[in-house]
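User: I would like to learn how to read the features of a protein model. Please take me through them one by one.

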Amino acid sequence: MKKLILFFLLAFSISAQAQKITGCGFKVPPRSLLKTNFASVYEAKDILNSMLDSIKWKENFSVREQNGIRNAYATIIRNARWIIYDNDFLEDIDAYSATKWASISVLAHEMGHHYYNHVVSNQGSTPPKEIEADAFSGYVMQKLGANLNESLAAMNAIASDQASSSHPAKRDRLAAITRGWNTAKAEVPGNTNGNSNPNQGGNPGGNPSGNQGGNSGGNPGGSGNTNLPPVDDPSWISLTIQSTKTQTVQLSDDGKTYQPAEIKAGEAFLFRFEIYQYGWLKLPYFNGFRTFKLMHGKDYSILWNRRTKNWTVVEVPN
């Protein structure tokens, strides 16, 4: 019995270690006996330089190897920007994902945090930041010659399935990488906005705060524009309210930061969320608020419930 209990505790300990989550929402992969040639900070530097060249951006960070941390992250130390990585951690990701592109995509993700100045504040990771860095990664990976599956390999293998207060769910992160990858693929010479399909978003040269490099387009994480007027585009959300006067509601991309939106009586309010294919609507409810999840491609109506004396939201059937 003691041996059985000891075995159970050992197995639990190994499982807990394998499920450790890094600051960028990656599950730490198990140690591998299969080693790649990801040998030194010099190789990491060469890979990152190739990324910089691919998007014509001037470097604003340095690179440091720090083995034993089981992580890779972007940070600021004494007012200097750094990407710090554990060589063993990157090798284990490659072995676990069965492709060398996995570690490269992780470095691209961390580079995206610097590109968009995510590390300037002390707020830590947030779903919008991670989605933006993921889309940046997909864009850069395509520029480096990785196919879509190779660009998604690391996220498929080590991303957390469930969303948290700091990180999106795997499916949303895979969608962001795909969006960035498709944006890069859609760019053709002579197309100044970098899109053959405007609904795919832009590329990472848009207008990141403090960007020191070139400008090659929009934002790989955004939902972009559309050739169709919003009223005819089924991917937009239509929100109406049964009221005789304008009402103000609160909308949010990430479920944390809300912005006011005026819904006029008798008029549809058309919009799309930028981060996921869904977002949140907050309405007054009794002495507080009630939050509703809204999906792209759906129509909703805000109704007054005369029995509870509160607003509610219903989906308009097709």
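User: At what angle do the axes of helix α4 and helix α6 cross?

Analyst: A note on the source comes before the answer. This is a predicted model, in which local features need pLDDT of at least 70, side-chain atom pairs count only at pLDDT 80 or more, and totals for chains, interfaces and linings use all residues. Residues are numbered from 1 along each chain as its sequence is written, and side-chain values use heavy atoms, with hydrogens and water left out.

Analyst: Now the general idea. Two packed helices are described by the angle between their axes and the distance between the axes. Axes are lines fitted to C-alpha atoms, for helices over the stretch in contact, and angles run from 0 to 180 degrees between N-to-C directions. Helices (H or I, at least four residues) and strands (E, at least two) are DSSP runs, numbered from the N terminus. Here, the axes of α4 (residues 101–115) and α6 (residues 148–158) cross at roughly 75° and come within 8 Å. That makes α4 roughly perpendicular to α6. The classes are: under 35 degrees roughly parallel, over 145 roughly antiparallel, 65 to 115 roughly perpendicular, and the rest oblique.

User: Which residues make the contact of α4 and α6?

Analyst: Contact means heavy atoms within 4.5 Å. From α4 come Trp101, Ala102, Ser105 and Val106; from α6 come Glu150, Ser151 and Ala154. The residues of this contact divide into 4 nonpolar, 2 polar and 1 charged. Ala, Val, Leu, Ile, Met, Phe, Trp, Tyr, Cys and Pro count as nonpolar, Asp, Glu, Lys and Arg as charged, and the others, Gly among them, as polar.

User: How do α4 and α5 cross?

Analyst: The axes of α4 and helix α5 (residues 127–144) come within 7 Å and cross at roughly 125°. The two helices are therefore oblique to each other. α4 passes α5 in a right-handed crossing. A crossing is right-handed if the near helix is turned clockwise from the far one by less than a right angle, and left-handed if anticlockwise. Among the α4 residues in this contact are Trp101, Ile104 and Ser105, and they meet α5 residues including Ala133, Phe136 and Val140. The contact of α4 with α5 divides into 10 nonpolar, 5 polar and 3 charged residues.

User: How many aromatic pairs does a search of the whole structure find?

Analyst: Rings of Phe, Tyr and Trp (its six-membered ring) pair if their centres lie within 6.5 Å; planes under 30 degrees apart count as stacked, over 60 as edge-to-face and the rest as tilted. The search finds 9 pairs. In one of them, Tyr116 and Phe136 have ring centres 6.2 Å apart and planes at 85°, so the pair is edge-to-face. Tyr116 lies in the loop between α4 and α5 and Phe136 in α5, so the pair ties together parts that are 20 residues apart in sequence.

User: Are Tyr116 and Phe136 buried or exposed?

Analyst: Buried means under 20% relative accessible area, exposed over 50%, and partly exposed in between (1.4 Å probe, protein chains only). Tyr116 counts as buried at 11%. Phe136 is also buried, at 0%. Phe269 and Phe271 form a tilted pair, 5.4 Å centre to centre with 40° between the planes. Phe269 is partly exposed at 25%, while Phe271 is buried at 7%.

User: Which residues form one aromatic cluster?

Analyst: Trp57, Phe61, Tyr115, Tyr116 and Phe136 do.

User: Why is helix α3 described as largely enclosed?

Analyst: Count its buried residues. In α3 (residues 87–97), 8 of the 11 residues are buried, so the helix is largely enclosed by the rest of the structure. Phe89, Leu90 and Ile93 are among the buried ones. Their cover includes β1 (62–65), β2 (72–77), β3 (80–85), α4 and α6.

User: Which residues have a positive phi although they are not glycine?

Analyst: Lys56 is one, with a phi of about 55°. Lys56 sits in the loop between α2 (41–55) and β1, and is exposed at 66% relative accessible area. Arg70 is another, also at about 55°. Arg70 lies in the loop between β1 and β2 and counts as buried at 16%.

User: How many helices and strands are in the protein chain?

Analyst: There are 7 helices and 11 strands. Of the 318 residues, 45% count as buried.
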